[in-house]
Amino acid sequence: MTLARVKSIALVGLRGEIVDIEVDISDGLPGYSLLGLPDAALLESRERVRAALQNSGSAWPNKRVTVSLSPAWLHKSGSGFDLPIAIALLMAQGQISVPEMGDHIFLGELALDGAIKPIRGVLPALLAASGRGITTAIVPFANAAESKGFVGIKAIGVSHLSEVIAFIADGVIPDVDYEEPNEIGQSPLDLSEVVGQKRARFALEISAIGGHHLLLIGPPGTGKTMLAERIPTIMPPLSHAEAIEVAAIHSIGGALGERNLDSRTPPFVSPHHTTTATAMVGGGAHLIKPGACSMAHGGVLFIDEAPECKPGVLDSLRQPLESGSVAISRATGTITFPADFLLVLAANPCPCGRFNGKGRACICSSLQIRRYLQRLSGPLLDRIDIRTFVEVPTRTELAASQVGESSEVVRSRVIAARAVAAERFNNDSWSTNSQIPASQLRARFRATREGMAFLHTELDHERLSARGYHKVMRLAWTIADRNGVATPGLAEVENAFQLRQGVEIA
Amino acid sequence: MTKRAKQIGADGETLVASYLQDQGAAIIARNWRIKEGEIDLVARLDGRLLFVEVKSRTSDKFGHPLEAIGPEKAHRLQRLALAWIAMHDQWGADYRIDCAAVHFRDGLKPLIEYRAGVL
């Protein structure tokens, strides 16, 4: 047989397409042509496949080799096609006699000695293959953990080309000890480690319940980062479907090594403030990779020193904040990644960072102080419901031996409060308080008479904008859910007003 | 080129020539040379001209013999073939460019790989 066909998967964002890899060997001068819009890494597959075949005792056909990846219009990238090309070449040469392979997919990069190296995106590839008649997937051994527990497709981890040949010829499944990935996601972080910070703790809890984005302002060393890092520990654990989605994004981002596939802890991503807009939302010329905001999908995106970010970087988050997903357009096409995250910004109160209490140590001019937080654009701040000060802990707080509430206690309250909200929004398209549309808020979700009266007074005194009015209402609902109150009353509304107005900006 | 290498090349061409004759071809020219290069063998088979490039090797250490024919060399073969046709006034003749690899193996019969119509 001089013609052979095997299957693999090409990823377009999180979606995958089944790709047929056809190899034809014909007489003629030795040559190799690869068809089907390959990128540079894929073009180099020729040299890898050739060396791998020769070094693992198989022959390279000194004939005219044509490799076609179809559908031909789809841009294909990466080194994951090495293995299927090598297998198809062996089949076309008759070096392995073939049973029916139409329900198998092959993924893997070849080393020059025939070893099979890990690739990105194995999990989304398996997700794409499931339900399309694929029963078996041959994947790199190092990626086998990603496919562990995957239902519907039998994944076989291989570490060398010879193992694949043995599997095809004799059905020998390589003996594999799956190494349990270290669970770093199971964070040892706990909210009880935070000293004092009653106000900030409350803000964190409300933020986790209602999905309200958060701005923490405080001098250096007061624990803004410490607080933010602990938000995932008080969020409800991810559902199975969410966990798979998060793992799939991390698989494409090449960061699954840091995360257990089964991890139900929401991710925590903290890009540096010098990061670019592309790194934030995702991008890349050929292989479009998810950015920080997609890696934070289902969890927390924390940006420390937010006012130091380059102009435009933070504003690039406006689209994902609005839609919960991010669409990236490149020459090769448009790709949408999910990006539904809780945004937590941290900022110093002023450029020198010492404007605190009476501000005696601060050396900034009043103009500098005023301008500093104005670097956060209005439209972005508009999407942030809670602004809270993180104070320097007092002597008494530091000296107190009593530890604060643990993450577990807070988390159970968060889960209970979210359940209440989910019940209320049973027939609606949203599930958290921060997502209630303004019109619905005024029509269906009003506070009690006293609560509304308070808001109207604040409106009359121009201490509250129309936008702020809605934000406070949403926060009041979250607080009511937390406190087990059916409808937010005066106390809840006042409390919400404080969370919202905690810091005057712009 | 060493004397030995020259001899190996000539032996290879002789082998291919007799192989072609066994197939019923008539050898028209050997080592036809002009300024631009050389055609190893020109033959006629069933009214069709064959221009044959022969590559001989005594070991595979430097890769397959036919791999030595890259795109540039292939292009030159094409030009040489047309030059031969022009100089012998064979315009419109049906022609084909072939390549042959001859493997000289210690203690074994030489192996000929013949690839017809490589361009």
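Visitor: Which residue is the bridge partner of A:Phe268 in E14(A)?

Guide: Please keep in mind that this is a predicted model. Strand E11 of chain A, residues 268-269, pairs with E14(A) in the parallel sense over 2 bridges. The partner of A:Phe268 in E14(A) is A:Val300.

Visitor: And in E17(A), which residue is the bridge partner of A:Val300?

Guide: Strand E17 of chain A covers residues 342-347, and E14(A) pairs with this strand in the parallel sense over 4 bridges. Within E17(A), the partner of A:Val300 is A:Leu342.

Visitor: Are the residues that point to either side of strand E14 of chain A buried or exposed?

Guide: In a regular strand the side chains alternate between the two faces of the sheet. In strand E14, residues 300-303 of chain A, A:Val300 and A:Phe302 point one way, while A:Leu301 and A:Ile303 point the other way. For all of these residues in E14 of chain A, the answer is buried.

Visitor: Why do the buried residues of H17(A) line one face of the helix?

Guide: An α-helix has 3.6 residues a turn, so residues three or four places apart point the same way. In H17(A) the buried residues are A:Ser407, A:Val410, A:Arg411, A:Val414, A:Ala417, A:Arg418 and A:Ala421. They line one face because, seen down the axis of H17(A), they fall within an arc of 130°.

Visitor: How many Å does helix H17 of chain A reach from its first C-alpha to its last?

Guide: Helix H17 of chain A runs over residues 407-424 and has 18 residues, for which 26 Å is expected at 1.5 Å a residue. The reach in the model is close to that expectation, at 26 Å.

Visitor: Stepping back, how far apart do the C-alpha centres of domain 1 and domain 3 of chain A lie?

Guide: Chain A is divided into domain 1 (3-170), domain 2 (191-408) and domain 3 (436-506). Its C-alpha trace spans about 90 × 45 × 45 Å along the principal axes. Between the C-alpha centres of domain 1 and domain 3 of chain A, the distance is 58 Å.

Methods:
Residues are numbered from 1 along each chain as its sequence is written. Chains are lettered from A and ligands numbered from 1 in the order in which they are written. This is a predicted model: local features need pLDDT of at least 70, side-chain atom pairs count only at pLDDT 80 or more; totals for chains, interfaces and linings use all residues. Domain bounds come from an automatic or database domain assignment. The expected span of a helix is 1.5 Å times one less than its number of residues. A residue is buried if 20 or more other C-beta atoms lie within 10 Å of its own, exposed if 12 or fewer, and partly exposed in between; C-beta atoms are placed from the backbone. The arc is that of the directions from the helix axis to the C-beta atoms. Two strands pair if DSSP finds at least two bridges between them.
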